[in-house]
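Colleague: I am new to this structure. Could you walk me through how to read a few of its features?
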Amino acid sequence: MISPHFPTNFETFAVRLHEKGINTLGIADAPYESLSENLRQSLTEYYRVDNMEDYEQVYRAVAYFAHKYGRIDRIESHNEYWLELDARLRTDFNVFGYKNPDMLAIKTKAQMKEVFRKIGLKVAQGQVFYSDDEARALAKRLKFPVIIKPNSGVGASDTYKIRSAEELEDFFHYQNRHVEYIMEEFIDGDIITFDGLTDHDGNIVFYASLEYSEAVLDTVAKDGDMYYFVPRDISPKLVELGKQCVQAFNVRERFFHFEFFRVHATGELLPLEINCRPPGGLTIDMWNYANDFDVFAEYANIVRENRFHANITHPWNVVYISRKANQHYVNSIESVCQRFPLNIISVQQVPGVFAKIMGEHGILARTDTLENMREIVQFAHQKY
C-alpha cells in the first residue's frame with residue numbers, strides 16, 4: 001500500500017486486508033511513530049522513504065519487500081495523486097492493474113473525451129490549447145462563458161469560469177505556465193456521479209451516486225454553504241451510461257468515480273470525466289452508512305477471493321451538510337442534533353485546507369426520504 005495513512009479514513013483498507021490474512025506492506029514518507037496504532041498493528045511491515053517523489057527510493061522499497069516476501073500481488077494507494085506512481089511500479093514489477101500505457105486515458109481530460117466519443121457518448125466540446133492565441137480562437141468558437149482547467153488535475157483546483165474576452169486576458173496573467181490547460185464549453189447543468197467498485201473481471205459489484213447542492217466553483221466563489229448526498233434512488237439512465245464507461249475504461253478490481261453533467265434544459269446526461277479511485281472526503285464512509293455495509297471489508301474480499309458478500313439495497317439517503325465559521329446560523333450544531341436525533345450520524349471537524357468548500361464542520365445525516373433530508377439541511381443552514 002502506497003501512503004496507507006492518507007487520508008485518515010482510508011487507513012481501514014489496510015486494517016481489513018490484514019484481517020483477511022493478507023501481508024499488507026506500507027510505503028510512505030511519514031515517520032513510523034506518526035502512524036496510528038491501528039494502522040501500525042495492521043501493517044506486516046512499513047518502509048519509510050525520505051521522499052515519495054523520488055522514484056528510485058520507492059522502487060527500492062518495493063524491491064526489498066519482493067525479496068523478503070515473494071512476488072507482490074497488488075500495489076495500490078486509492079489516491080489520485082499517486083495513480084501514476086502506482087502504475088509505474090506495477091509496470092516495473094509486473095503487478096496486476098493499470099500500468100503506464102493506461103495512464104493517458106484515465107488522467108487526461110482530452111483523452112477521456114476520445115474514449116467517451118468512441119462508445120458513442122456526447123461530451124462537452126473543448127480541447128487543449130498551447131498558446132494565448134489558440135485560447136482566444138477556441139473561446140471565439142466555443143462562445144463565452146467557457147471553463148478552463150488543467151488537462152490532468154483533481155477536483156476544482158486551478159479551474160476557472162471565464163465569462164468574457166477581458167477575463168480571458170486576465171487569465172493569461174495568472175495562469176500557471178507549467179500546466180497544460182483544456183478549455184471547454186460551459187454546460188448549464190448539475191454534476192452527478194456514478195461511483196462504485198468492480199471485481200477482478202470488471203463486473204460492477206457495488207454502485208452509488210452523488211448529487212450536489214451547487215457546483216464547487218460556485219461554493220468557492222461565494223464562500224457559502226453547501227451539501228452533497230448519496231441518494232437512495234439512482235436514475236436507470238445514469239446506471240446504464242456508467243456501466244458503459246466502466247467497460248470502456250477497463251476498470252478492474254478498482255473503485256471508480258465518474259462525473260456527468262445533467263443538462264438543465266433537457267435532462268440529458270453528458271460524461272465529464274473519470275477518476276479511477278474512490279470519491280474524496282467522507283464519501284466512502286457515507287456509502288457504508290447508506291447501505292449498512294463495510295466497503296473496506298468488501299474490497300478486501302474482492303482482492304482475496306474475488307467475491308462481494310454484501311446484499312446492497314440502498315436503504316438510506318446520506319447527506320453531508322457544511323457549517324462555515326463565517327455564517328450566522330439560527331440553530332447551533334447541538335440544536336440540529338437534538339432536533340433530529342434519529343438521523344444524525346456524526347459531526348466532523350474539517351481540516352483548514354478543505355474548509356473553504358466543506359466548511360469548518362460537517363454534519364452527516366441519513367434519512368429514508370428526500371423530504372426529510374431537505375428538512376434537516378434547511379434547519380442546519382437557516383440564517384438570521
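Modeller: Start with a cut-off. Buried means under 20% relative accessible area, and exposed means over 50%. Keep in mind that this is a predicted model.

Colleague: Is His314 buried or exposed, by that cut-off?

Modeller: His314 has a relative accessible area of 16%. That value is under 20%, so His314 is buried. This residue is found in the loop between helix H12 and strand E12 (317-323).

Colleague: What is the phi of His314?

Modeller: Phi of His314 is near 50 degrees. That is a positive value in a residue other than glycine.

Colleague: Which residue with a positive phi follows helix H11?

Modeller: Asp292 follows H11. Its phi is near 55 degrees, and Asp292 too is a residue other than glycine. Asp292 lies in the loop between H11 and helix H12 (295-305).

Colleague: Is Asp292 buried or exposed?

Modeller: Apply the cut-off again. Asp292 has 52% relative accessibility, so it counts as exposed. His314, in contrast, is buried.

Colleague: Which residues of H11 are buried?

Modeller: They are Thr283, Ile284, Asp285, Met286, Trp287, Asn288, Ala290 and Asn291.

Colleague: Now the backbone. Where is the peptide bond to Pro7 placed, and what is its omega?

Modeller: For a peptide bond, look at omega. The bond from Phe6 to Pro7 is cis, with omega near -10 degrees. Pro7 lies in the segment before helix H1 (11-19).

Colleague: What is the form of the bond from Phe144 to Pro145?

Modeller: That bond is cis, with omega near -5 degrees. Pro145 sits in the loop between helix H7 (132-142) and strand E4 (146-150).

Colleague: Which residues line the largest cavity?

Modeller: Read the lining along the chain. It includes Arg74, Ile75 and Glu76, then Arg90. Phe96, Gly97 and Tyr98 also line the cavity, as do Arg252, Glu253, Arg254 and Tyr299.

Colleague: How do the lining residues divide into nonpolar, polar and charged?

Modeller: The lining has 4 nonpolar, 1 polar and 6 charged residues.

Notes. Residues numbered from 1 in each chain as written. Predicted model: local features only at pLDDT ≥ 70, side-chain atom pairs only at ≥ 80, totals over all residues. Heavy atoms only, no water. Buried < 20%, exposed > 50% of the residue type's maximum accessible area, 1.4 Å probe, protein only. Helix = DSSP H or I, 4+ residues; strand = E, 2+ residues; numbered from the N terminus. 1 Å grid on protein atoms, 1.4 Å probe; cavity = no way out; pocket = protein on both sides within 12 Å on 5 of 7 lines; lining within 4 Å. Nonpolar A, V, L, I, M, F, W, Y, C, P; charged D, E, K, R; others polar.
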